Amino acid sequence: VKRRASWRLIGVAIAAIALAAHAPAQGPPATQKAALTNSTDTPHPKNLVPLDTKDTMGVLGKKVIAPSGDDLGLIVDVVADAAGHPRAAVIDFGGFLGVGSRKIAVDWNLLHFAPTDRNRPVLLNLDRAEIQAAPEYKTDSDQVKMVGAPPLSPPAAPDAPK
Amino acid sequence: MPRNDRRRLASIFRPDRALAKVSPERGLDGLNLFVANIQTGFGPFIAVYLTTRGWTQGEIGLALTVGTVAAMASQIPAGALVDAIGSKAAVALFSLLAFAASALLFALLPVPLFVYLAEILHGFSSCTLGPAIAALSLLIAGQRKLGPRLGRNARFAAIGNGVGAALMGLCGYSLSVRAVFFLTAALILPALLPLVPLRRVSLTPHASHTQATAEAPEMAGQAVRLLMTPALVVFGLCVMLFMLGNAAMLPLASTTLTKRATGTAPLLIAACIVLPQLVVAGLSPAFGQLAEQRGRRLVMLIGFAALPARGALLSIITDPYAIVLIQILDGLSGAAIGVLVPLVASDIAGRSGHYNLSLGAIGFVIGIGAACSTTLGGWAADSFGDPAAFAGMAAVGAAAALLVWAAMPETRDWVGEPSGEPLDRRLVATRPSVRSASMKEPGQPTT
C-alpha cells in the first residue's frame, strides 16, 4: 500500500509539473478581460466598432499613485451609476504583502489615466494622508462614502504625472 | 520494500553524496528553515497578484475559498496518508514538488481553472508537509527528547518565516508580484537538499507497525477511539478557542496601522509580522526544554495567557510603535503553540501509528478556529469598532486560557513507559504487511 500511495503521489507531481511546463505554449493569458468586451457575441458580428488602445485602457489591477509619487495601491473595482458612467474607483490601499490593506472608494473624477503609456500608473489627485483614514468601502452598508476632491484646493489640473 | 525505497531515493539524490554525511538533526534544521521560507510568501501574495492580473474581487474570493476548503478537507485524510507511508522524507519530497508545481501554475497560468488547481495542490501539500516534518522529528529525537527538538524546529521555522517575508516583500516591490511565485518555485531547490541526510531516518518502519496484526476495520476503529481521547479533545478545543481569538488580531492591528500611520504603515506592518518571528526564534528552544522539564501545562498557560494580554493592550493603546511592541506577545503565543501542537499530539498518539492523523485533526480544528476568527473579528470591528473587537478577542483568549487551566491534563508522561531510545531503533524489528483499505482512500482526491 505504501508503495502504491507513493507512486500515486509521484504521478500527481509529474502531471502537475508537466502541466506547468506546458504553460508557455498556450500563450500569455494577459488581457482576456479586455478581449471579452470586444467580442461577446458570435465570431464575426457586423457591428464592430474600433476601440483605440491608444485612447483607452483597462483599469482593474492598475497601480495608483499620488501626485507626490506615493504608491496608493491597486484599482480593484469600478462603481458605476444607472447611466453606466463611472462614479468611483475602489482602491486596495496600504498594507504589507496583502496584510492590513483597506478598500477605499475615491471620486472617479480625481483619477487621471494615461492610455498612451500602459506602464505608467494611474494618477490620483489626493495625498496618502487624505485617504488613509477614510471609511472602508463596503457594498452591504447603507451609507457608503467615497473620498471626494479636497475642500479648499482648486480643482487640480490634470497635469502630467511624475 | 524499504530497500526498494532506498534504491529509488538514492537514485534521486545521487549527485549530493556529500550531503548524506550531514547529521539528520542538521537536515531537519534545514528543512524547517526552507519550508517556512517557501510557505511565507505564498498566501498573502495571491490576492495582490490576481488583482494585478485584472481579476475581480469576487473571483479572487472564490479562488481563496477553494484553497481554504481544499486545505481543510485534506487535513485529516492527509494525516492518515502520511501515517500509511513509511518514508516520511518521500512525503516531504513530493509535498515540496507539489508546492513548486503550484507556484509555477500561479506564475504561468493565472486563469481560474489552473489557479483552483494550484490552490488545491497547495492546500493538500501543506497538509502532508507539516505532519511529515513532525513525524521525522519524532523518529530522530525519540519521544523523550521531542520537546527540545520541536523547540529547535520552531526556531528554524521562525527564522525562515522572517527571512521569507523580507525576501518576498523585496521581490514583490522591486521586481513584480509575479516574480514572487517564480522565487517560491526556485526556493524549492535548496529545500530539497536537507532531505538527503533525512532519507535514511525515514526508512525505518514507523510506529504503526508495532500494531502487528491489526485489520483494516480495527485500525479505523482504533483511530476513531484515539481521536476521541479526552485529552486530545480538550487540547483541540483549547487551540480552536485560542485561534478564534488569535487569527484576526494581526490583520486587524495592521488595518489600524494603515489608518493611523502616515507613510510608514507598510514598514510597521512588516515589523508586526517579523518581530514575533524573532521572538519565536529566540524563545522556542527554551519552551521546548521547559515543556520537557516542567510539563506541557505550564508552557501552554504562558502562551495562552499572552493572547488576552495582547488583546487588552491593543484595545486601549493606539500608538503605532506601541502596537509593534505589543506584537512581542504574539511571539510568545506563537512559540508555545508551535512547540506544543506536535508535542502534545505525540504524547497522546505518538506510538499508536496515528500520530499524523491526530496532527491532521488538530490542524483541522485550528483551521476552523482561524476561519471563524477572521469572519467574527471583521464583523465585530465593523459593528462595534476596533477597540471592542480587540476586547472581544481578548475575552475569547481568556476563555481559552481558563479552559487550559481547568481541563487540560498534563500529557508529559501520558503513555508511561519511559525510554530514552529513539523510536526507530526500538521499532526496527517488526515490519508486518499491515495494510488497510481505508488508509488508501486519501490518495485519491489529489488526482
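Are B:Trp379 and B:Phe384 buried or exposed? Select the two: B:Trp379 is exposed, and B:Phe384 is exposed as well. Here buried means under 20% relative accessible area, exposed over 50%, and partly exposed in between, with a 1.4 Å probe and protein chains only.

Before moving on, a word on the model. It is predicted: local features need pLDDT of at least 70, side-chain atom pairs count only at pLDDT 80 or more, and totals for chains, interfaces and linings use all residues. Residues are numbered from 1 along each chain as its sequence is written, chains are lettered from A and ligands numbered from 1 in the order in which they are written, and side-chain values use heavy atoms, leaving out hydrogens and water.

**Stop 1: aromatic rings**

Rings of Phe, Tyr and Trp (its six-membered ring) pair if their centres lie within 6.5 Å; planes under 30 degrees apart count as stacked, over 60 as edge-to-face and the rest as tilted. Over all chains, the count is five aromatic pairs. A:Trp108 is buried at 16% relative accessibility, while A:Phe113 is partly exposed at 28%. Now return to B:Trp379 and B:Phe384: their ring centres are 5.4 Å apart and their planes at 90°, so this pair is edge-to-face. Then pick B:Tyr49, B:Phe106 and B:Phe181, which ring pairs link into a cluster.

**Stop 2: the nonpolar cores**

A nonpolar core is a set of buried Ala, Val, Leu, Ile, Met, Phe, Trp, Tyr and Cys residues joined through side-chain atoms within 4.5 Å. The largest has 116 residues, and B:Leu96, B:Val239 and B:Phe304 have the most contacts inside it. Centre on B:Phe304: beyond four places in sequence, its contacts (heavy atoms within 4.5 Å) include B:Val239, B:Phe242, B:Ile337 and B:Val404. Apart from this core lies another, of 20 residues, among them A:Leu72, A:Ile91, A:Leu110 and A:Leu124.

**Stop 3**

Helices (H or I, at least four residues) are DSSP runs, numbered from the N terminus. Select B:Ser315 in helix α13 of chain B, residues 296-316. B:Ser315 counts as buried at 18% relative accessibility, and a polar atom of its side chain lies 2.8 Å from the backbone oxygen of B:Ala312. Beyond four places in sequence, B:Ser315 touches B:Pro387, B:Phe390 and B:Ala391.

Finish at B:Asn356 in helix α16 of chain B, residues 355-384. B:Asn356 is buried, with a relative accessible area of 2%. Its contacts beyond four places in sequence include B:Asp83, B:Lys88 and B:Pro131.

Methods. Helix = DSSP H or I, 4+ residues; strand = E, 2+ residues; numbered from the N terminus. Polar contact = N/O pair within 3.5 Å; in protein donor to acceptor, adjacent residues only side chain to side chain.
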